[in-house]
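Colleague: I would like to learn how to read a model like this one. Could we go through it feature by feature?

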Amino acid sequence: MSRLPQRSEAAACGQCAHFRNDPIDIERAFPGLNVLGSARADVRWKDGLCVLRGLYLSARDGCGRFEARVRQPAD
């Protein structure tokens with residue numbers, strides 16, 4: 001199994017438009033996970049889902065399909 005390449009912080013999955021790490025999104029993707037300790041667990045750190053590639057991965061990973069997330073202005 002090959003590991004995804006590590007990227008600079010600026011181009012890492014955690015900063016990508018396709019990355020979701022909200023616990024609700026993770027629990028929805030893995031029904032029953034909340035029974036095992038919840039997607040809110042500290043051991044999850046900043047892991048999340050790539051909705052483009054259908055992968056659960058670290059926020060530090062990266063790939064060639066990175067698209068910067070557009071930040072919404074604070075109200």
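Colleague: Where does Val-51 lie?

Modeller: This is a predicted model, and in it Val-51 sits in the loop between S2 and S3. Leaving aside neighbours within four places in sequence, Val-51 is in contact with His-18 and Arg-20. Its C-alpha is 9.2 Å from that of Ala-17, and Val-51 and Ala-17 are 34 residues apart in sequence.

Colleague: What pattern does the protein follow along the sequence?

Modeller: The pattern is β-α-β-β, from one helix and three strands. Of the 75 residues, 28% count as buried.

Colleague: Among contacts between residues at least 6 apart in sequence, what percentage join residues at least 24 apart?

Modeller: The share is 63%. Ala-68 contacts Gln-15 and Ala-17, with neighbours within four places left out. Ala-68 and Gln-15 are 53 residues apart in sequence, while their C-alpha atoms are 6.2 Å apart in space. With the exclusion of neighbours within four places, Arg-65 touches His-18, Leu-52 and Arg-53. From Arg-65 to Cys-16 the C-alpha distance is 9.0 Å, across 49 residues of sequence.

Colleague: Is Ala-68 buried or exposed?

Modeller: Read the relative accessible area against the cut-offs: under 20% is buried, over 50% is exposed, and in between is partly exposed. Ala-68 has 55%, so it is exposed. Arg-65 has 49% and is therefore partly exposed.

Colleague: Which residues make up the largest nonpolar core?

Modeller: A core is read as a set of buried nonpolar residues joined through their side chains. Here the largest has six residues: Cys-13, Cys-16, Phe-19, Cys-50, Leu-57 and Ala-59. Take one member, Cys-50: not counting residues up to four places away in sequence, Cys-50 touches His-18, Leu-55 and Leu-57.

Colleague: How many cavities of 30 Å³ or more does a search of the whole structure find?

Modeller: The general idea comes first. Rolling a probe the size of a water molecule over the atoms shows where empty space is left. In this structure the search finds one cavity of 30 Å³ or more. The largest cavity has a volume of about 90 Å³. Its lining has 13 residues, and the closest to the cavity centre are Cys-13, Cys-16, Cys-50, Cys-63 and Phe-66.

Colleague: How do the residues of that lining divide into nonpolar, polar and charged?

Modeller: Nine are nonpolar, two are polar and two are charged.

Colleague: Which residues form an aromatic pair, and is it edge-to-face or stacked?

Modeller: Judge such a pair by the angle between the ring planes: under 30 degrees is stacked and over 60 is edge-to-face. A search of the whole structure finds one aromatic pair. Phe-30 and Tyr-56 form it, with 6.0 Å centre to centre and 85° between the planes, so by the over 60 cut-off it is edge-to-face.

Colleague: Why does the pair tie together parts that are apart in sequence?

Modeller: Phe-30 lies in the loop between helix H1 (23–29) and strand S2 (48–50), and Tyr-56 in strand S3 (residues 55–57), so the pair links parts 26 residues apart in sequence.

Colleague: What is the relative accessibility of Phe-30, and what is that of Tyr-56?

Modeller: Phe-30 is at 37% and counts as partly exposed. Tyr-56, at 39%, also counts as partly exposed.

How values were computed. Residues numbered from 1 in each chain as written. Predicted model: local features only at pLDDT ≥ 70, side-chain atom pairs only at ≥ 80, totals over all residues. Heavy atoms only, no water. Phe/Tyr/Trp six-rings, centres within 6.5 Å; stacked < 30°, edge-to-face > 60°. Helix = DSSP H or I, 4+ residues; strand = E, 2+ residues; numbered from the N terminus. Buried < 20%, exposed > 50% of the residue type's maximum accessible area, 1.4 Å probe, protein only. Core = buried A, V, L, I, M, F, W, Y, C linked by side-chain atoms within 4.5 Å. Contact = heavy atoms within 4.5 Å. 1 Å grid on protein atoms, 1.4 Å probe; cavity = no way out; pocket = protein on both sides within 12 Å on 5 of 7 lines; lining within 4 Å. Points joined across faces, edges and corners; volume = space filled by probe spheres on them. Nonpolar A, V, L, I, M, F, W, Y, C, P; charged D, E, K, R; others polar.
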